[in-house]
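Hi,

Here is the structure I promised to pass on. Have a look at it first, and then read on for what turned up.

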Amino acid sequence: MREEPFELPVEGGSLRGHRAGTGRPALLLHGGAAVPDYLGECAGLLDGLFETMRYTQRGTPPSEAPPPYTVESHVADALRVLDPFGLERAWAVGHSWGGHLALHLLVAHPRRIAGVLCIDPLGAEASVFGAFEANLARALTEEQTARVHAIEERRRTGEVTEAELVERFSLTWPVYFHDPAKASALPARVGVGASVGTNRSLADHFERETLVRRLPEVRAPALFVHGESDPLPPESSTVTAALMPGALVETIPECGHFPWLEQPAAFRAAVERLLGRVRE
């Protein structure tokens, strides 16, 4: 699959990414938040179904853009990526935090978003975090769990370092895979300001129940794919989908948080089946 790099100027910096594939035009939104884009293989698997525009979000190399790092600024950036390509409407395809961002795009700009495909997303309700934390704790030692919590507390207070955020990934990364032997390389960079700011904005929106209140109003196609072994449990998708009229969900057995890496054939087949049930 041929990729075309692009650089999009934004105030105070630029967003860098790649355009590739054929099919429905789609923004491909990585998770993290505040890690470099890692969705190249996912874009390749979706070729023929989606023409993807993927980029590293603001505040993380190789993209360069100053604060604010908020849900709103990420939404605005995503729409800016569409504009140079002359796209009035596109799908939003997001993984993890990127799936959550896709849902915010949908409720904030329904005329610009043709549909959403959320892959193991951070859902609309904060209630799943308890199960997520419990799943992590079961997989880690007490010492590792304590260290993860300490780093999270430093992130909440804004005192965290990039080395600590990378350390957190090193502790938890294998847990995100049904088969840890299939784990991909963990992120080597994390944008500290973007991580702190985006997570604070997320917490604010969870408290205000932005998506819980607004998702029942949308009528665009909404598709969810979730690995059954993901420590971020499938309820993150099913509870969110239940808020949306006509939303469709598929789960993939023997699969963690990265279905295109652990179960590529099953992932592609699930997306094909879901899209086959959509009227656009």
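To start with one cysteine: is Cys-255 buried or exposed? Cys-255 is buried, as its relative accessible area is 0%. Bear in mind that this is a predicted model, so every value here is computed from the prediction.

Next, the cysteines and their partners. The whole structure was searched for disulfides, and the count came out at zero. Take Cys-118: it is in no disulfide, and the nearest cysteine sulfur, in Cys-42, is 12 Å away. Cys-118 also counts as buried, at 0% relative accessibility. For Cys-255, the closest cysteine sulfur is again in Cys-42. The two sulfurs are 11 Å apart, which is too far for a bond, because a disulfide needs them within 2.5 Å.

Now the pockets. The largest pocket has a volume of about 890 Å³, and 33 residues line it. Nearest its centre are Gly-32, Glu-152, Arg-155, Arg-168 and Asn-199. Four helices each give at least two residues to this lining: H4 (129-139), H5 (142-157), H6 (162-172) and H7 (192-208). H7 has the largest share, with seven residues. Sorted by class, the lining holds 19 nonpolar, eight polar and six charged residues.

The second largest pocket comes in at about 170 Å³. It is lined by 13 residues, and Tyr-38, Trp-173, Ser-184, Ala-185 and Leu-261 are the closest to its centre. Its lining splits into 10 nonpolar residues, one polar and two charged.

Cheers

Terms used
Residues numbered from 1 in each chain as written. Predicted model: local features only at pLDDT ≥ 70, side-chain atom pairs only at ≥ 80, totals over all residues. Heavy atoms only, no water. 1 Å grid on protein atoms, 1.4 Å probe; cavity = no way out; pocket = protein on both sides within 12 Å on 5 of 7 lines; lining within 4 Å. Points joined across faces, edges and corners; volume = space filled by probe spheres on them. Nonpolar A, V, L, I, M, F, W, Y, C, P; charged D, E, K, R; others polar. Buried < 20%, exposed > 50% of the residue type's maximum accessible area, 1.4 Å probe, protein only.
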